[in-house]
Amino acid sequence: MSWLVLLVLIGVLVVLPIVIYNRLVRARNEYRNAFAQIQVQLKRRHDLIPNLVESTRAYLEHESQTLEAVIQARNHAAGLLESAAVGRADENTVDILSLAAGEHQLSAALRQLSVTVEAYPELQANRSVQALTEELAGAENRVAFARQAYNDAVLAYNNARETFPASLLADFFGHRHNAAMLQFDDHAVISRAPQIELRR
(Lines give C-alpha, C1' and ligand atoms only; values in the text may rest on other atoms or scores of the structure.)
Protein backbone atom coordinates (compact mmCIF):
# COMPACT_ATOMS: atom_id res chain seq x y z
CA MET A 1 0.00 0.00 0.00
CA SER A 2 2.82 2.44 0.84
CA TRP A 3 4.37 1.73 -2.59
CA LEU A 4 1.11 2.72 -4.24
CA VAL A 5 0.97 6.00 -2.28
CA LEU A 6 4.60 6.68 -3.14
CA LEU A 7 3.95 5.95 -6.81
CA VAL A 8 0.92 8.32 -6.87
CA LEU A 9 2.95 11.02 -5.12
CA ILE A 10 5.78 10.70 -7.65
CA GLY A 11 3.24 10.80 -10.49
CA VAL A 12 1.72 14.01 -9.10
CA LEU A 13 5.17 15.59 -8.66
CA VAL A 14 6.03 14.79 -12.29
CA VAL A 15 2.68 15.64 -13.92
CA LEU A 16 1.80 18.79 -11.94
CA PRO A 17 4.79 20.88 -13.14
CA ILE A 18 4.07 19.85 -16.74
CA VAL A 19 0.43 20.91 -16.42
CA ILE A 20 1.41 24.22 -14.79
CA TYR A 21 4.06 24.94 -17.43
CA ASN A 22 1.65 24.23 -20.28
CA ARG A 23 -1.07 26.36 -18.69
CA LEU A 24 1.29 29.33 -18.31
CA VAL A 25 2.60 29.03 -21.87
CA ARG A 26 -0.94 28.78 -23.27
CA ALA A 27 -2.07 31.84 -21.29
CA ARG A 28 0.98 33.86 -22.38
CA ASN A 29 0.46 32.92 -26.02
CA GLU A 30 -3.20 33.95 -25.81
CA TYR A 31 -2.43 37.45 -24.59
CA ARG A 32 0.41 37.81 -27.09
CA ASN A 33 -2.06 36.92 -29.82
CA ALA A 34 -4.54 39.42 -28.38
CA PHE A 35 -1.83 42.10 -28.51
CA ALA A 36 -1.22 41.22 -32.16
CA GLN A 37 -4.92 41.93 -32.80
CA ILE A 38 -4.60 45.33 -31.10
CA GLN A 39 -1.55 45.99 -33.26
CA VAL A 40 -3.56 45.28 -36.42
CA GLN A 41 -6.43 47.55 -35.35
CA LEU A 42 -4.17 50.40 -34.22
CA LYS A 43 -2.19 50.21 -37.45
CA ARG A 44 -5.43 50.43 -39.40
CA ARG A 45 -6.42 53.47 -37.33
CA HIS A 46 -3.01 55.07 -37.86
CA ASP A 47 -3.23 54.47 -41.62
CA LEU A 48 -6.62 56.23 -41.86
CA ILE A 49 -5.43 59.43 -40.21
CA PRO A 50 -3.19 60.79 -43.03
CA ASN A 51 -6.09 60.34 -45.47
CA LEU A 52 -8.42 62.26 -43.16
CA VAL A 53 -5.86 65.05 -42.73
CA GLU A 54 -5.33 65.33 -46.49
CA SER A 55 -9.09 65.44 -47.08
CA THR A 56 -9.49 68.32 -44.65
CA ARG A 57 -6.28 70.21 -45.48
CA ALA A 58 -7.78 72.29 -48.32
CA TYR A 59 -10.61 73.51 -46.07
CA LEU A 60 -8.47 74.04 -43.00
CA GLU A 61 -5.44 75.88 -44.38
CA HIS A 62 -5.49 78.36 -41.50
CA GLU A 63 -5.87 75.46 -39.01
CA SER A 64 -2.49 73.98 -39.95
CA GLN A 65 -1.45 73.79 -36.30
CA THR A 66 -4.33 71.38 -35.59
CA LEU A 67 -3.45 69.25 -38.61
CA GLU A 68 0.24 69.16 -37.66
CA ALA A 69 -0.66 68.13 -34.10
CA VAL A 70 -2.69 65.22 -35.46
CA ILE A 71 0.11 64.08 -37.77
CA GLN A 72 2.76 64.37 -35.03
CA ALA A 73 0.58 62.46 -32.55
CA ARG A 74 -0.13 59.80 -35.18
CA ASN A 75 3.57 59.36 -36.01
CA HIS A 76 4.49 59.22 -32.34
CA ALA A 77 1.78 56.63 -31.59
CA ALA A 78 2.78 54.54 -34.64
CA GLY A 79 6.40 54.55 -33.45
CA LEU A 80 5.38 53.46 -29.96
CA LEU A 81 3.24 50.66 -31.40
CA GLU A 82 6.16 49.42 -33.46
CA SER A 83 8.45 49.62 -30.44
CA ALA A 84 5.99 47.70 -28.27
CA ALA A 85 5.61 44.98 -30.90
CA VAL A 86 9.34 44.60 -31.56
CA GLY A 87 10.32 44.92 -27.90
CA ARG A 88 8.05 42.10 -26.74
CA ALA A 89 5.55 44.33 -24.99
CA ASP A 90 4.52 41.44 -22.77
CA GLU A 91 7.96 41.48 -21.18
CA ASN A 92 8.20 45.26 -20.83
CA THR A 93 5.46 47.10 -18.97
CA VAL A 94 7.07 50.42 -19.94
CA ASP A 95 6.29 49.79 -23.64
CA ILE A 96 2.61 49.14 -22.86
CA LEU A 97 2.35 52.25 -20.68
CA SER A 98 4.11 54.35 -23.34
CA LEU A 99 1.79 52.98 -26.01
CA ALA A 100 -1.25 53.90 -23.90
CA ALA A 101 0.12 57.44 -23.36
CA GLY A 102 0.81 57.84 -27.10
CA GLU A 103 -2.70 56.69 -28.01
CA HIS A 104 -4.10 59.13 -25.43
CA GLN A 105 -2.26 62.00 -27.15
CA LEU A 106 -3.50 60.85 -30.54
CA SER A 107 -7.09 60.65 -29.31
CA ALA A 108 -6.82 64.18 -27.90
CA ALA A 109 -5.48 65.49 -31.23
CA LEU A 110 -8.28 63.71 -33.12
CA ARG A 111 -10.88 65.20 -30.79
CA GLN A 112 -9.47 68.66 -31.51
CA LEU A 113 -9.63 67.96 -35.25
CA SER A 114 -13.22 66.78 -34.87
CA VAL A 115 -14.17 69.99 -33.07
CA THR A 116 -12.49 71.99 -35.83
CA VAL A 117 -14.27 70.05 -38.59
CA GLU A 118 -17.63 70.64 -36.90
CA ALA A 119 -17.10 74.38 -37.27
CA TYR A 120 -17.12 74.04 -41.09
CA PRO A 121 -20.48 72.87 -42.49
CA GLU A 122 -19.07 72.54 -46.03
CA LEU A 123 -16.36 70.24 -44.68
CA GLN A 124 -18.87 68.13 -42.79
CA ALA A 125 -20.85 67.76 -46.02
CA ASN A 126 -17.79 66.52 -47.95
CA ARG A 127 -18.39 62.85 -48.76
CA SER A 128 -14.78 61.75 -48.46
CA VAL A 129 -14.45 63.42 -45.05
CA GLN A 130 -17.72 61.79 -43.94
CA ALA A 131 -16.56 58.37 -45.14
CA LEU A 132 -13.16 58.69 -43.47
CA THR A 133 -14.74 59.93 -40.23
CA GLU A 134 -17.12 56.96 -40.19
CA GLU A 135 -14.31 54.55 -40.98
CA LEU A 136 -12.20 56.05 -38.20
CA ALA A 137 -15.11 55.69 -35.75
CA GLY A 138 -15.42 52.02 -36.79
CA ALA A 139 -11.68 51.59 -36.26
CA GLU A 140 -12.05 53.10 -32.77
CA ASN A 141 -14.72 50.51 -31.95
CA ARG A 142 -12.54 47.65 -33.23
CA VAL A 143 -9.62 48.95 -31.16
CA ALA A 144 -11.86 48.99 -28.07
CA PHE A 145 -12.95 45.38 -28.66
CA ALA A 146 -9.38 44.24 -29.32
CA ARG A 147 -8.18 46.03 -26.20
CA GLN A 148 -10.88 44.33 -24.11
CA ALA A 149 -9.87 40.91 -25.49
CA TYR A 150 -6.22 41.69 -24.71
CA ASN A 151 -6.99 42.82 -21.17
CA ASP A 152 -9.10 39.68 -20.61
CA ALA A 153 -6.21 37.51 -21.83
CA VAL A 154 -3.75 39.44 -19.62
CA LEU A 155 -6.03 38.90 -16.63
CA ALA A 156 -6.20 35.17 -17.35
CA TYR A 157 -2.40 35.00 -17.64
CA ASN A 158 -1.80 36.98 -14.45
CA ASN A 159 -4.30 34.79 -12.59
CA ALA A 160 -2.64 31.63 -13.92
CA ARG A 161 0.76 32.97 -12.87
CA GLU A 162 -0.25 34.09 -9.39
CA THR A 163 -2.51 31.25 -8.23
CA PHE A 164 -1.26 28.35 -6.17
CA PRO A 165 0.53 26.05 -7.04
CA ALA A 166 1.63 27.82 -10.25
CA SER A 167 2.99 30.72 -8.21
CA LEU A 168 5.61 28.37 -6.78
CA LEU A 169 6.95 27.44 -10.22
CA ALA A 170 6.18 30.46 -12.43
CA ASP A 171 9.52 32.20 -11.86
CA PHE A 172 11.41 28.96 -12.48
CA PHE A 173 9.57 28.50 -15.80
CA GLY A 174 10.49 32.05 -16.92
CA HIS A 175 7.19 33.75 -16.09
CA ARG A 176 8.70 36.32 -13.73
CA HIS A 177 6.40 39.31 -14.27
CA ASN A 178 2.73 40.00 -14.60
CA ALA A 179 1.62 41.30 -17.98
CA ALA A 180 0.43 44.90 -18.12
CA MET A 181 -3.13 45.88 -18.96
CA LEU A 182 -3.59 48.32 -21.82
CA GLN A 183 -5.75 51.27 -20.81
CA PHE A 184 -6.32 54.22 -23.08
CA ASP A 185 -7.67 57.66 -22.25
CA ASP A 186 -11.24 56.50 -21.69
CA HIS A 187 -10.21 54.61 -18.54
CA ALA A 188 -10.22 57.78 -16.44
CA VAL A 189 -13.62 58.77 -17.80
CA ILE A 190 -15.10 55.31 -17.18
CA SER A 191 -13.73 55.05 -13.65
CA ARG A 192 -15.07 58.49 -12.64
CA ALA A 193 -18.61 58.74 -11.31
CA PRO A 194 -20.97 60.59 -13.65
CA GLN A 195 -21.88 64.16 -12.72
CA ILE A 196 -25.56 65.02 -12.80
CA GLU A 197 -26.85 68.56 -12.59
CA LEU A 198 -30.52 69.27 -11.99
CA ARG A 199 -31.56 72.74 -13.04
CA ARG A 200 -34.66 74.53 -11.93
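1. Is Tyr31 buried or exposed? In this predicted model, Tyr31 has a relative accessibility of 2% and therefore counts as buried, since buried means a relative accessible area under 20%.

2. As for the overall make-up, the protein chain contains 7 helices and 0 strands, and its elements, read from the N terminus on, follow the order α-α-α-α-α-α-α. Of the 200 residues in the protein chain, 35% count as buried.

3. Turning to the aromatic residues, the count of aromatic pairs comes to 5. In the pair formed by Tyr31 and Tyr157, the ring centres are 5.0 Å apart and the planes stand at 55 degrees, so the pair is classed as tilted. Because Tyr31 belongs to helix α1 and Tyr157 to helix α5, this pair ties together parts that are 126 residues apart in sequence. Tyr157, with a relative accessibility of 3%, likewise counts as buried, and one aromatic cluster is made up of Tyr31, Phe35, Tyr150 and Tyr157.

4. The largest nonpolar core has 27 residues, and those with the most contacts inside it are Tyr31, Phe35, Leu42, Leu99, Tyr150 and Leu182. Helices α1, α2 (64-86), α3 and α5 each supply at least two residues of this core, with the largest share, 8 residues, coming from α1. Apart from this core lies another one of 20 residues, which includes Leu60, Leu106, Ala109 and Leu110. As general background, nonpolar side chains tend to be buried together in soluble globular proteins.

5. The largest pocket deserves a separate look, and its volume is about 560 Å³. Its lining consists of 23 residues, and those that lie nearest the centre of the pocket are Leu110, Ser114, Leu136, Ala137 and Glu140; Leu110 is also listed among the residues of the 20-residue core. Helices α1 (2-57), α3 and α5 (127-162) each supply at least two residues of the lining, and α5 gives the most, with 10 residues. Sorted by class, the lining of the largest pocket has 10 nonpolar, 6 polar and 7 charged residues.

6. Which residues does UniProt list for "coiled-coil region"? The record, an unreviewed entry, gives residues 122-149, and this annotation may be inferred rather than shown by experiment. In the model, the span of residues 122-149 is 96% helix and 0% strand, and its end C-alpha atoms lie 39 Å apart.

7. Ala101 and Leu80 are 21 residues apart in sequence, while the distance between them in space, C-alpha to C-alpha, is 9.3 Å.

8. A last point concerns the backbone, where a cis peptide bond joins Phe164 and Pro165, with omega at about 5 degrees. Pro165 is found in the loop between α5 and α6, the latter helix covering residues 166-169.

Conventions: Residues numbered from 1 in each chain as written. Predicted model: local features only at pLDDT ≥ 70, side-chain atom pairs only at ≥ 80, totals over all residues. Heavy atoms only, no water. 1 Å grid on protein atoms, 1.4 Å probe; cavity = no way out; pocket = protein on both sides within 12 Å on 5 of 7 lines; lining within 4 Å. Points joined across faces, edges and corners; volume = space filled by probe spheres on them. Helix = DSSP H or I, 4+ residues; strand = E, 2+ residues; numbered from the N terminus. Nonpolar A, V, L, I, M, F, W, Y, C, P; charged D, E, K, R; others polar. Phe/Tyr/Trp six-rings, centres within 6.5 Å; stacked < 30°, edge-to-face > 60°. Buried < 20%, exposed > 50% of the residue type's maximum accessible area, 1.4 Å probe, protein only. Core = buried A, V, L, I, M, F, W, Y, C linked by side-chain atoms within 4.5 Å.
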